[in-house]
Each structure stands twice: as structure tokens, then as C-alpha cells.
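Please open the model in your viewer and keep the selection panel at hand. The tour goes from one selection to the next.

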Amino acid sequence: MDKVESKSLLKKGAEASLFLSSWHGRRVIVKARLLKRYRPRKLDEKIRNYRTVHEPQLMHEAKKAGVPTPAILLVDIKNSAIIMEYVEGKQIKQVLPNVSQEQQHELCVRIGVLVGKMHRHGVVHGDLTTSNMILTGEGKIFLVDFGLGEKTSELEARGVDLHLMKRALQSTHYKLWEDCFRSVQEGYSSVLGEESAKKVFEKISEIELRGRYIEERKQSS
Amino acid sequence: MKPDNKYCLGIESTADDFGIGIVTFNGDILSNVSCGYIPEEGGIHPREAARHHTEATDKVLRQSLYKAEVKPKDLSLIAFSQGPGMGPCLRTGATAARALASYLGIPLIGVNHSVAHIEIGKLETKSVDPVTLYVSGGNTLISAFDTNRYRIFGETLDIALGNCLDVFARAAGLKHKQGMPLGAVVERLAAKGNKLIALPYVVKGMDVSLSGLLTAATSLLRRGKYKLEDLCYSLQEQSFSMVTEVTERALAHTEKQEVLLTGGVASNKRLQQMLTLIAEEHDAKFSVVPRQFASDNGAMIAWTGILAYTHGLFTPIEKSFVKLRWRLEEVDIPWIK
């Protein structure tokens, strides 16, 4: 990593640590996937390398689809680190509970639109939580953390992606989640078209039925 | 019997174990007797398991009362696992519980089995507000408490971790050894393996998928190219890494200070070691439920029944039907503020 100056730890995530730093005079984020002592070395290296290489590629693809993602400045495979643009803003996780119902609706529809554009372009995010969405001062929504994403247009992958988003809304925003998810679906349908979107939504129900002890399955059993 | 004490008898019968435990209202476990159904071959047959439970009820009940030195008339509360689990098995325990409660004229309380695994872990390890990894033959859940309920942050998208290990063990022709569960047999073999064979590593958000890993491992087993020890090692390393990774994600997300490992697979030393490492990484305290309370047992049902009853809950007999698919996050938890 050349010329990365003094780093300060911004967030210690489970999978990677985020450092705020400067690089050639810019404020940057250094995302370093640290060694995981619990995994066998070989497996750990494989996973960290894979994600370090794939994440920037997916972010780039998402950008092509019209989804704002931080600009990638450097990928350092040896250290499993990515240097990217620092996006200033607030996590949607913090924004959602503190705005009016109309604003919640508007934000969630826009999130649905972004996810729709991304899926239409053949990218699934893999971890669509509201902590991974940043609202900037100018009102743009950035998606970050593509480490678990995939390049795929499979219905199954799209369904899982939205299912995870629904689950994240349920666990983090259990008071708002129903309205929020409905708005996300609305935005999503507006991009993919009612018919394609409906197929994905049906997939979500199918995925949920595979899980254990689900409400809906009580009726069918 | 101390005159100032009250006792709860808890009945567990969700799957292959039938257990009865007696616990005092201040959390002393006086007895915890279990009797497991071991199928001659294959997995648990619900009807056969239920037949086993019916036959075991009398013996387990007597032993539990005898060990606790408690007479039926001294009991104040009957708790039973109301779900989730296998219908015929659940009904056996529920029938016994209703009979006891109405004969003795004392209240009945239906308990959620998943909540009980968390509560017994908390009681025994003195954890207060942990991120819990609950892994057993039927469940793989990552949960933490938030506003009235245990929220599910991650879970398996298909089969449970214990189920994955058991099915693999049976495919390899392994048998229960002197009451040692199949998972423990796999653990012992895995300790002798050292070659990591690549298997699908599937983490989606905070969820995991284990069915692909199981299919891959069993088909490699049939090919006969690899040592069974190495396959057990690879199966454990990769499936445990997956659940550890998602537990760490939940820990980072919730910023809790404690990690609790509970359920039947909690006895696995290697899994304990992995979770210890992530707890250290996040300055959290790691606890694991003691072995005798790791797999399904009556004491955990009794204790959770006490928590619910002392916070105003009870289950009228006409509402005591079993709930086969009762999810953890559907249960209100009034005893945590």
C-alpha cells in the first residue's frame, strides 16, 4: 500500500476493519480483511482473497447499472485490502427511524429502485442491510459492502438477496419493517416490471417456506 | 423440602430425548433426568420416538422426583415444551404435563424450546445479554434480545448444523457409541484429520446454507478417495467457520458484550474454540452451556416455565395444544427489561 498515511479505525466489522485515512491527499477508506484465527489458514486465505478481488468488481458493475458505490482507488491483494473513496453521510439504519412516514416511504422506494437496477444488471449484493446504505448530504444513496455479492441473474439469488433485506428490516426496524419492505418492493417493481418482480417476490415466499417453523407453513400442514 | 421454596417440574419431548427436570423458583436445579431414543437405523422416526417417550414417562418421572427429593404434592408448577418440534413427540410430553397439572390442581405453562435453550445457558453461565448461537439437530439460530423478544439475526437457510453432522455420520456408517451422540463420534474422528478438503462455503448475509456442504461431503465419501478422518475434519472446519462467521457478524452488528453457545452441538470443543476467538476479537465474554444442559433436557423447560409464570404467564389446558413451528421471535419475553 503506497502512501497511506496515519490510519484511524472507523469501524471494526466482523469481516473487515474500516480505517479512515488519507491517500495522495484524499480522504479514503481502507477496508482490510483481517486474518481470522478461527478458520484454518488455507481456508481463510482463500475466502479473504476471493472477497477482496470480487468486491471491487461488483462495485464497479453496480456503478455501471447506475447504483452509486464508492470509487475504488487501489486493490491490495497481498494484504487483502481495498482503498476506496470516503463517502460522507449517514447510514440508512440511523436515518429511517428518525424521519417522517413519507420520507421513509420515499427512501425505501429509492432503495428498491437501486436494488432493482443492480439485479437487472446481473449483480446481487449479498448483504442488503440498512447499515450498508449511506445517505449523503446531497441526498444520494450509496450502497457499500459487496463482499458477499455475486454476479448472477438467477431468480434464486435475487430472491435470497431480497429475503435477506426483509430479514434485516425485521430484526433492526421491527416497528417499521412492513411498510418499509412494501415500499422497497414498489421501487423494485418499477424497475424490473411488475411481472419479473412478481416472480422474485414469489421466490422470496418459496425461500421462506424452506426455513423452519414459518408461519405460512402452518396453514399448509 | 425447605418450606419457603417452590418447585417447577419441566417436561421436554420435542425430538429424540425425553427429559424431566425439577427446578426451584430461585434457579436451583434439583434433578434433570433424560432418556434418549436411539433409532436402530436412519434418523428419528417421530412415531417411534413418541412411543419411546410414552414408555419412558413413568420411569423418568419417578427418577426425577426421587433425585430431587420432592413429592408430587410439593410441586407448584408444571412446564412443558410446547414447540417447535415433532408433533407426536410434543404431544406425548404435553399429555403428561396436562395430566399432572390437572391431577395436582396446579398451573400449567407451555414453553418455547428455543427460548429454553437460551435461558438455561444464561442461568448456568450467568450471561446477561448475549448474542446466542444455538446449534442442535433441529436448529441453527443466531439471536439476541431487543425490545421484548429474542430477535433472529441469522439462521440456516436449509438444514441444521447438528443434522448435517448426523446425516454425514450415518452415511459413513458411524454408530452411536455408549450413549455418545453421532456428533461426538464425528468430533473424535475430526481430531485425527488434518487435510482440508474444499467443500462449499455458503454464507449469505447473516444466514448460512449447509445442504450443499453435506451433499458434497457425502459424495466425496462415496468416492472413497479420502480418509474419513479428513472428511470429518473438513466438514467440521468449514461448517463451523460458516456459523462462526455469521455469529461474529451479529456480534459486530449488535455490539453486545457476551457470546453464548448453546444446544446439542455446543459440546463440540472445536466449535467452542472458534467462538472463543471471535469473542476475544470483540472484547466480549464467551460462555458455553455445561454439557449436561447442552442437549434437550427437562431442567431448561422447568426454568423457563418459572421465568414465564413469575411474570404473569400461564397456559390454560384448553390452550395447551402443541405448536410444531413456533419460531423463537414470536415469543414475548416479559422477564427481560
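How many residues does the contact take from chain A and from chain B? The contact takes 23 residues from chain A and 27 from chain B, where two residues are in contact if their C-beta atoms, placed from the backbone, lie within 7 Å. This is a predicted model, in which local features need pLDDT of at least 70 and side-chain atom pairs count only at pLDDT 80 or more, while totals for chains, interfaces and linings use all residues. Residues are numbered from 1 along each chain as its sequence is written, and chains are lettered from A and ligands numbered from 1 in the order in which they are written.

Stay on the side of chain A that touches chain B: the elements giving two or more residues to it are H1, helix H4 (155-172) and helix H7 (215-220) of chain A, with helices (H or I, at least four residues) and strands (E, at least two) being DSSP runs numbered from the N terminus.

Next, select the open sheet of chain A, whose five strands follow the order E1-E2-E3-E5-E4 with antiparallel pairing; strands pair if DSSP finds at least two bridges between them. Its edge strands, each pairing on one side only, are E1 (8-12) and E4 (72-76) of chain A. E4(A) pairs with strand E5 (residues 81-85) of chain A over four bridges, and Val75(A) has Ile82(A) in E5(A) as its bridge partner.

Finally, turn to chain B, which is divided into domain 1 (7-117 + 296-330) and domain 2 (127-293), bounds that come from an automatic or database domain assignment. Here 11 residues of domain 1 of chain B are in contact with 15 residues of domain 2 of chain B.
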